[in-house]
Amino acid sequence: MSGNGNRRRAVGLWTIVLVLGLLALGGCGGGGGGSLAEEEGTRYARQILQDRRGGSLSVALVEDGRILWARGFGLRDRSAGLAPSPDTLYGIGSTSKLLAAVAVMRLADQGLVELDRPLGDYLRDFRMESPEASQVTVRMLLNHSSGFPGGDYRGSGTTARNEGYLEDMYENLRTSHLKHRPGALCIYCNDGFTLVEKLVAAVSGRPYEAFLREEILLPLGMTHTRAPLEAFPLGSFAPGYPDSGDRPLPQEFINTLAGGGMYSTPTDLCRLLALLAGGGTLEGTRILSEASVRAMGEDQTGGTLRVVDTRSSRYGLGLDTVRQPGLELAGFRAWMKGGDSSVYGSAVVVIPDLKLGAAVTGATRIGSEQAVALAERVLLAALVERGLLDRMPPLLPETPRPPAPAPDLSPFLPGIYAASGQLFRLEQGAAGLAISRCSEGGGWEPAFSGLVHREDGRFSSDGDPLREFSFAEEGGFRYLVQRSPGYGRIYQDDQVLAQKLEPGAPLEAPWAARLGRVWLAVNLPSRTYGLDTSWNPRMRLLSLPDLPGSLFAGPQGQGWYLVRPRSDRLALPGITIPTDGGRDQNDLKVLEVEGEEWLRFGSFRYRPAETVPVVSADALPRQVALGTEGQWLRLDPGAKGGILRVASRGTGTRWMLFDGAFRGVTDSQVLGADSRASAPPGGYLVLLGDPGARFEVTLEVPGGSGKGTRRP
């Protein structure tokens, strides 16, 4: 049978499994059967699973400390056809930050921490390359205003616990610069919450996970919430799944426990919401003072650069927003926190004044956007059935507004705009506003077109009228603003999409000489979650001819990041965008390693591709012993029809093969650690593993001569 036939049969079987999964329901908790909230939640959960092509999710509703409804949808185990139950564990990603904030506020109530004291008062060895880092306070860890680069992702997500991640991240932070003055902006920042682990340990004398368990989780009865310190029993958690098939992916370990690593259930998370709604008390147990809970719910973005009213990013302490847009639309003040990882998405939403909240967890293409929409929908239905809301909010009309003549936008157009990992070119012509995106190769590709100026002062297309663009100026910077609908499509929210860039002085000769070269990542852990041959190992530098003096770093296919040279060997983050658009920026440093120029971007290190040693077919097998970094080898460009053999010894060993254009060819995770593969001439081989791992690499060609060549 042909490959297409196999694919059709697989799709047919998966369709049957999906339909069964959409009909499957897990156990219920508490009363409330047949309520409007349950009916609306059930309908919408099934719609999400259908829209997102499978996966699983779990949802719970709490009122005044009592779980009214809890249910699982989809399949947590495809091969056995099992739905999740309310006790099935899911990774909650950044919803873990809410637990971290509660931990810090508990220490504050105990008089061990003051929010507005410098972090260095508690972590005596804390420092950064920027002297202003001494001004970073404990509060700034919790409200995203520290100015830290963002998130250190090297080794943060793995297939086994990475014990050294926290110290590696801390050391990288200590050798980095701030991207803005502490307290000037609120920009989403994972590293601030990762440091909560060190703060809690330093102040309490207990590891973060022990403090969290003993001081918060056990007193609250959150018995299903835990840190992934080891592999969980099969069947206790919902694993992720690939796009097709019923073989689950490995368990995901997010090693920043405070920032995104915890596992939980919606019923457990509802107990956390009940604590907040109860002013710090649950079932007679006080965890936080009322003052601490009020402080968590205060808008932390006042006095910072905000540009537009982004309601979904009105940060509290550990909260994404204290003005959840869907509930605000209905006239209610609600707090929200969401989280994502490679596998999971989650969200919690609570209306403190009503002591009413909902929690959602999901896996496999269920992200926080869908989780927020489901929690929002359940709460809105609960408000309707309580007589507090006349009806469910309608979907936004998708009718384009009437066109109107555009004003003079010469300060904004044309222009090159940048955000974290994004680079846009904006042009205005007879057909309207056109927005192009810079591709991985450095060319321009259409992103949004047919954008017509409308009577409300924004640009939108007839085909997508709810995605609107406008311009703003604040703090001496010019910005492109996007107004777009949430997943539930009952409201729109504004977000700064990108910042306009201005030309600068020409690049100095050392930086200009680095343009066009390729560097290869050398220190990626072999157990990195989701690592496969689709990974792009390259780092390249880009400058735009129509933007003199510009310099962009392009790491591992993650887009383009503006950096501004400060010396021949150092370039620093170059954009100033609040909330999400300015997150995860890094220093770019040039290192000298054995007479070569290497690059470091954040904590990732890159070696020059042009000096990678060549594996010749006329040589003995190459012996490679790993230190703290991986090793790259290039296959003889003239060895056509060759066979590559790789044998390994040690722990964590892994190798991946790429062709000469760095397209993935194969992975030892598929072939096995000791295996063979067809060798693309001029291809690249990367060897990864724990320190001390050893590899033997042999390249064989037909009819070859010499000690290292044999006829396969």
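**Notes on the predicted model**

1. Five strands form an open sheet in the order β2-β1-β11-β10-β9, with antiparallel pairing; two strands count as paired if DSSP finds at least two bridges between them, and strands (E, at least two residues) and helices (H or I, at least four) are DSSP runs numbered from the N terminus. The edges are taken by β2 (66-74) and β9 (335-340), each of which has a single partner strand, so one side of each is left without a neighbour in the sheet. Direction ignored, neighbouring strands of this sheet are turned by 5° against each other on average.

2. This is a predicted model, in which local features need pLDDT of at least 70 and side-chain atom pairs count only at pLDDT 80 or more, whereas totals for chains, interfaces and linings use all residues. Residues are numbered from 1 along each chain as its sequence is written, and side-chain values use heavy atoms, with hydrogens and water left out.

3. Within the sheet, β10 (residues 344-351) and β11 (residues 356-363) run antiparallel and are joined by 8 bridges, and Val349 has Ala358 in β11 as its bridge partner. Helix α2 (residues 36-51) packs on the sheet, where α2 touches β1 (56-63) and β2, and its direction makes about 25° with that of β2; axes here are lines fitted to C-alpha atoms, for helices over the stretch in contact, and angles run from 0 to 180 degrees between N-to-C directions.

4. Helix α6 (residues 190-204) has 15 residues and should span 21 Å at 1.5 Å a residue, which agrees with the 22 Å between its end C-alpha atoms; the expected span is 1.5 Å times one less than the number of residues. Of the 15 residues of α6, 12 are buried, where buried means under 20% relative accessible area, exposed over 50% and partly exposed in between (1.4 Å probe, protein chains only). What covers these buried residues includes α3 (96-109), α4 (138-143), α5 (165-174), α7 (208-220) and α8 (257-261), and just after α6 Gly205 takes a positive phi of about 80°.

5. The largest nonpolar core has 70 residues, and those with the most contacts inside it include Phe126, Phe148, Leu195 and Met296; such a core is a set of buried Ala, Val, Leu, Ile, Met, Phe, Trp, Tyr and Cys residues joined through side-chain atoms within 4.5 Å. Helix α3 gives the most to this core, with 9 residues. Apart from this core lies another, of 40 residues, among them Ala419, Phe469, Tyr479 and Leu542.

6. How many disulfides does a search of the whole structure find? It finds 0, a disulfide being a pair of cysteine sulfur atoms within 2.5 Å. For Cys189, the nearest cysteine sulfur is that of Cys186, 11 Å away, and Cys189 is buried at a relative accessible area of 2%.

7. Some backbone values deserve a look, since most residues other than glycine have a negative phi, and most peptide bonds are trans. The peptide bond from Leu413 to Pro414 is cis, with omega near -15°, and Pro414 lies in the loop between α12 (368-385) and β12 (415-419). Thr579 has a positive phi near 60° and is buried, with a relative accessible area of 9%, whereas Glu594, with a positive phi of about 50°, counts as exposed at 81% relative accessibility.

Conventions: Contact = heavy atoms within 4.5 Å.
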